Amino acid sequence: MNWLQKNTYIVVLFVAFFVMGAFLLITDNGKNTYEQIEIQHGDTLWTLAEQYRGKMTIQEWIEHVKAENSLTGEHIVAGHALTVPVNSKSIHIAKLKSEEELHSVEVAVKNK
């Protein structure tokens, strides 16, 4: 007990790290993974949201994309890379590339 009184800064640091760790575990839902895609001609954040959003609302998905890619508006440019959240319960096992577009094909979804 005497050691704890002399080294209160260590106890304070330990408690602070414990609280931060608990906060991260509680607030992280762990449901989103991220995938980097190439923006194709005609893509908008709304059309991409329909394809990748999973159970998120379109607006939530767009806000995640804007935050992850440091976008200030909704403008995206064909040919650039974009990091997008993908629902981790979806299994994407095939990518089809036609002459015009690149699509991700969702072939299975785990339901709990």
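From the N terminus onward, the elements of the protein follow the order α-α-β-α-α-β-β-β. The model is a predicted one, and its secondary structure amounts to four helices and four strands. Of the 112 residues of the protein, 20% count as buried. The accessible surface comes to about 8500 Å², and carbon and sulfur atoms account for 60% of this area. Among the contacts between residues at least 6 apart in sequence, 52% join residues that are at least 24 apart.

The packing of two helices is considered next. Two packed helices are described by the angle between their axes and by the distance between the axes. In the protein, the axes of helix 3 (residues 45-52) and helix 4 (residues 58-68) come within 9 Å and cross at roughly 110 degrees. Because angles of 65 to 115 degrees count as roughly perpendicular, helix 3 is roughly perpendicular to helix 4. On the side of helix 3, the contact is made by Leu 45, Trp 46, Leu 48, Ala 49, Glu 50 and Tyr 52. Helix 4 contributes Ile 58, Trp 61, Ile 62, Val 65 and Lys 66 to this contact. By class, nine residues of the contact are nonpolar, two are charged and none is polar.

An α-helix has 3.6 residues a turn, so residues three or four places apart point the same way. In helix 3, the residues Leu 45, Leu 48, Ala 49 and Tyr 52 are buried. Viewed down the axis of helix 3, these buried residues fall within an arc of 105 degrees, and they therefore line one face of the helix. Just after helix 3, Gly 54 adopts a positive phi of about 65 degrees.

In helix 4, the buried residues are Trp 61, Ile 62, Val 65 and Lys 66. Around the axis they cover an arc of only 135 degrees, which places them on the same side of helix 4. Lys 66 has a relative accessibility of 13% and counts as buried, because the cut-off for a buried residue is under 20%. With neighbours within four places in sequence left aside, Lys 66 is in contact with Leu 45, Leu 71, Thr 72, Gly 73 and Glu 74.

Ser 70 lies in the loop between helix 4 and strand 2 (81-87). Although Ser 70 is not a glycine, its phi is positive, at about 55 degrees. The relative accessibility of Ser 70 is 64%, and this residue therefore counts as exposed, since exposed residues are those over 50%.

Strand 2 includes Thr 83. Thr 83 and Ile 37 are separated by 46 residues in sequence, yet their C-alpha atoms are 6.3 Å apart in space. With neighbours within four places in sequence set aside, the contacts of Thr 83 are Tyr 34, Glu 35, Gln 36, Val 65, Glu 68 and Asn 69. Among these partners, Val 65 is also one of the buried residues of helix 4, and Val 65 takes part in the contact of helix 4 with helix 3 as well.

Conventions. Residues are numbered from 1 along each chain as its sequence is written. This is a predicted model: local features need pLDDT of at least 70, side-chain atom pairs count only at pLDDT 80 or more; totals for chains, interfaces and linings use all residues. Side-chain values use heavy atoms; hydrogens and water are left out. Helices (H or I, at least four residues) and strands (E, at least two) are DSSP runs, numbered from the N terminus. Buried means under 20% relative accessible area, exposed over 50%, partly exposed in between (1.4 Å probe, protein chains only). Contact means heavy atoms within 4.5 Å. Accessible areas come from the Shrake-Rupley method with a 1.4 Å probe; for residues, only the protein chains shown count as cover. Axes are lines fitted to C-alpha atoms, for helices over the stretch in contact, and angles run from 0 to 180 degrees between N-to-C directions. Angles under 35 degrees count as roughly parallel, over 145 as roughly antiparallel, 65 to 115 as roughly perpendicular and the rest as oblique. Ala, Val, Leu, Ile, Met, Phe, Trp, Tyr, Cys and Pro count as nonpolar, Asp, Glu, Lys and Arg as charged, and the others, Gly among them, as polar. The arc is that of the directions from the helix axis to the C-beta atoms.
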